[in-house]
Amino acid sequence: MPENQAQRSRTRAKDTTPPRTGVDEKATLRGFLDYLRNAVADKVAGVPEPRVRTGGVPSGTNLLGLLKHLASVERFYFLGEDVGDWRATMRPSAEDTVDGVLADYRKSVERANQVIEACPDLALPAPRPPRPGPAPSMRWVLVHMIEETGRHAGHADILREQIDGSAGR
């Protein structure tokens with residue numbers, strides 16, 4: 001086996017398949033969202049300082065910032081918490097640690113899942129901070145969060161591969 005192919009084999013994580021979900025719409029949407037949430041958290045876990053906060057692209061996007069941002073997005077869409085500066089959510093502070101940001105993300109997801117489970121009808125409005133116009137439905141928020149989390153999971157895949165060569169879901 002050529003050297004670069006052998007290295008890829010050693011660093012490639014075992015891919016996980018898409019989730020088997022429940023039969024109803026809410027279980028399916030939440031199953032795919034949880035699948036992506038776990039993928040992003042797994043890409044951040046175990047990455048040492050300062051690599052976890054070092055930008056891998058000219059914009060400065062980094063793993064810790066992605067996860068911090070996604071925690072803010074979870075709280076905004078499912079818990080109705082306002083965000084004053086979306087750009088700031090992508091920049092980890094000097095005090096932010098991998099363990100702390102991971103714990104905050106997991107707690108935000110846990111609270112969001114409680115809100116999702118309590119929603120009796122996906123056509124109902126999701127919680128949100130005061131804004132003009134009607135709130136989006138819980139269905140729209142779930143689909144949007146699958147898109148948002150999936151987009152950032154792809155970013156995290158690339159950033160993690162740049163850090164240590166690990167690839168796969």
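This is a predicted model: local features need pLDDT of at least 70, side-chain atom pairs count only at pLDDT 80 or more; totals for chains, interfaces and linings use all residues.
What do Asp 34 and Arg 30 form? They form a salt bridge, and their closest N and O atoms are 3.1 Å apart. Asp 34 has a relative accessible area of 18%. The cut-off for buried is under 20%, so Asp 34 counts as buried.

The next salt bridge is between Asp 157 and Lys 43, with 3.5 Å between the closest N and O atoms. This pair links distant parts of the chain: Asp 157 belongs to helix α5 and Lys 43 to helix α2, and they are 114 residues apart. Are the two partners buried or partly exposed? Asp 157 has 30% relative accessibility, so it counts as partly exposed. Lys 43 has 8%, so it counts as buried.

A further salt bridge joins the side chains of Lys 68 and Asp 96, at 2.7 Å from N to O. Lys 68 is in helix α3, while Asp 96 is in the loop between α3 and α4, so this pair ties together parts that are 28 residues apart in sequence. Here Lys 68, at 22% relative accessibility, is partly exposed, and Asp 96, at 17%, is buried.

Some salt bridges share partners, and in this way Arg 30, Asp 34, Arg 37, Glu 74 and Glu 117 are joined into one network.

Now the rings. There are three aromatic pairs. One of them is Phe 76 with Tyr 77: the ring centres are 4.8 Å apart and the planes stand at 90°, so the pair is edge-to-face. Both Phe 76 and Tyr 77 are buried. For Phe 76 the relative accessibility is 9%.

Phe 76 also pairs with Trp 86, and this pair is edge-to-face as well, at 5.3 Å centre to centre with 80° between the planes. Phe 76 sits in helix α3 and Trp 86 in the loop between α3 and α4, so the pair ties together parts that are 10 residues apart in sequence. Trp 86 is partly exposed, with a relative accessible area of 32%. Which residues do the ring pairs link into a cluster? They are Phe 76, Tyr 77, Trp 86 and Trp 140.

Next is helix α4, residues 98-118. Its 21 residues, at 1.5 Å a residue, should span 30 Å, and the end C-alpha atoms are 30 Å apart, which agrees. Which residues of α4 are buried? They are Val 98, Val 101, Leu 102, Tyr 105, Ser 108, Val 109, Ala 112, Asn 113 and Ile 116. Looking down the axis of α4, these buried residues fall within an arc of 140°, so they line one face of the helix. On the other side of α4, Asp 99, Gln 114 and Ala 118 are exposed. What do the buried residues of α4 pack against? They pack against α2 (25-44), α3 (63-79) and α5 (138-164).

Two single residues remain. Leu 159 is in helix α5, and at 5% relative accessibility it counts as buried. Leu 159 is 107 residues from Val 52 in sequence, yet their C-alpha atoms are 9.0 Å apart in space. If its neighbours within four places in sequence are left aside, Leu 159 is in contact with Gly 56, Thr 61, Asn 62, Leu 63 and Leu 66.

The other residue is Asp 24, in the loop between α1 (3-11) and α2. With 42% relative accessibility, Asp 24 counts as partly exposed. Where does its side chain reach? The side chain of Asp 24 reaches the backbone nitrogen of Ala 27, at 3.3 Å.

That is the end of the talk.

Note on methods:
Residues are numbered from 1 along each chain as its sequence is written. Side-chain values use heavy atoms; hydrogens and water are left out. Helices (H or I, at least four residues) and strands (E, at least two) are DSSP runs, numbered from the N terminus. The expected span of a helix is 1.5 Å times one less than its number of residues. Buried means under 20% relative accessible area, exposed over 50%, partly exposed in between (1.4 Å probe, protein chains only). The arc is that of the directions from the helix axis to the C-beta atoms. Contact means heavy atoms within 4.5 Å. A polar contact is a pair of N or O atoms within 3.5 Å; within protein, one must be able to donate a hydrogen and the other to accept it, and residues adjacent in sequence count only if both atoms are side-chain atoms. Rings of Phe, Tyr and Trp (its six-membered ring) pair if their centres lie within 6.5 Å; planes under 30 degrees apart count as stacked, over 60 as edge-to-face and the rest as tilted. A salt bridge is a side-chain nitrogen of Lys or Arg within 4 Å of a carboxyl oxygen of Asp or Glu.
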